[in-house]
Amino acid sequence: MTFSKPKYKRNEVRRCGKILASENGLDNKYALDVADNWRSSHLQPVKTFLQMLQRESLKITDDSTSVFRLKRLPSIVDKLGRLKSHDLASMQDIGGCRTVLDKVSDLYRLRNAIRKSEMKHKFIREYDYIITPKPSGYRGIHLIYKYYSDKNDYYNGLNVEIQIRTKRQHAWATCVEVAGDYLSHSFKSSQGPEEWLNFFKLASSAIAILEKSPTVVGTPNSKQALKQELRTSYEELKVKETLRRIKRSHSEINKMNVKAKNKYFLVDFNEQTKNVSITSYREKDIESLTKDYLRKEEEYKYTLHNVVVVSGNSIESLRYAYGNYFADVDTFLRMMDRFIK
């Protein structure tokens, strides 16, 4: 199989990143082509990290779900517009892997196992958003690595981001995306109506209390005060009604080619129709999976499709990995009801 390889020097990638961040940058086809090549070149490194992540997480629990994806080109351009440096060559999350586990203690066990593993890849930095949640309320652990290989040295130096979350943290992040998409705001980037942004901060602190972790700065310190403020926000915004309305608006899975023993899934989500198509693969067919992923990535490059690869023990594990594709809001609502009541 032939993976894309970087065709341009980093200085050229940086230059094109600045072009794309400018007012009419999307009209520059050359800059788009450079960015797309840079993006697609991350697939081989990300695939390597997914297999490592899955192997290490299964040592901790057999109920883990791992996923990889390449950041979509429109998302890259949007982020370049928000970054002061506009540095496409140094963007850390173009290629990313994620694992969802049960408990906070599991996250740190996995973090330690990855850090202690004898990989050639170079560790760059860690972001512990559990000890210090983001101002938006986002929580989890991120590890940044640079890929290094003697065999595939043309990918050396490409960044890969590893995200590790609990199921509760992931349920929160899922609802942030679901609500943001439906209400046409980027809540995960702290953009949108202040009352909704404040609700998600309060909700994050509630989950932090359930997980016995630090709460979000600016939210009440006492559990009782937090409960009261969260209940008021929850009811005034009609959060439950809104999220359930969103869930009803999503179509059911319209096409599945899934076999019970297969543990890799290629998920194709159409943002416009809300339809989800899933195909499963055996572990030994990872090359066929990657080939199909590349084909769909090229086919949907400039469309409202998201294509991701998920590894897990069952079709239900997909709902943990990409609950926003299914408008899976039930876990989040149960947590809110439990905390408030």
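Reply: What follows describes the aromatic pairs and the charges over their rings.

This is a predicted model, in which local features need pLDDT of at least 70 and side-chain atom pairs count only at pLDDT 80 or more, while totals for chains, interfaces and linings use all residues. Residues are numbered from 1 along each chain as its sequence is written, and side-chain values use heavy atoms, with hydrogens and water left out.

The structure holds 16 aromatic pairs. Rings of Phe, Tyr and Trp (its six-membered ring) pair if their centres lie within 6.5 Å; planes under 30 degrees apart count as stacked, over 60 as edge-to-face and the rest as tilted. Tyr-129 and Tyr-138 are edge-to-face because their planes stand at 75°, with the ring centres 5.8 Å apart. Tyr-129 is buried at a relative accessible area of 15%, and Tyr-138 is buried at 9%; buried means under 20%, exposed over 50% and partly exposed in between (1.4 Å probe, protein chains only).

Tyr-154 and Tyr-155 also form an edge-to-face pair, 4.9 Å centre to centre with 75° between the planes. Tyr-154 is partly exposed at 37% relative accessibility, whereas Tyr-155 is buried at 2%.

Each of these pairs has a lysine over one ring: Lys-134 lies over the face of Tyr-138, 5.5 Å from the ring centre, and Lys-5 lies over the face of Tyr-154, at 4.3 Å. A charge sits over a ring if NZ of Lys or CZ of Arg is within 6 Å of the ring centre and within 35 degrees of the ring normal.

Elsewhere, Trp-172, Phe-187, Trp-196, Phe-199, Phe-200, Tyr-234 and Phe-332 form one aromatic cluster.
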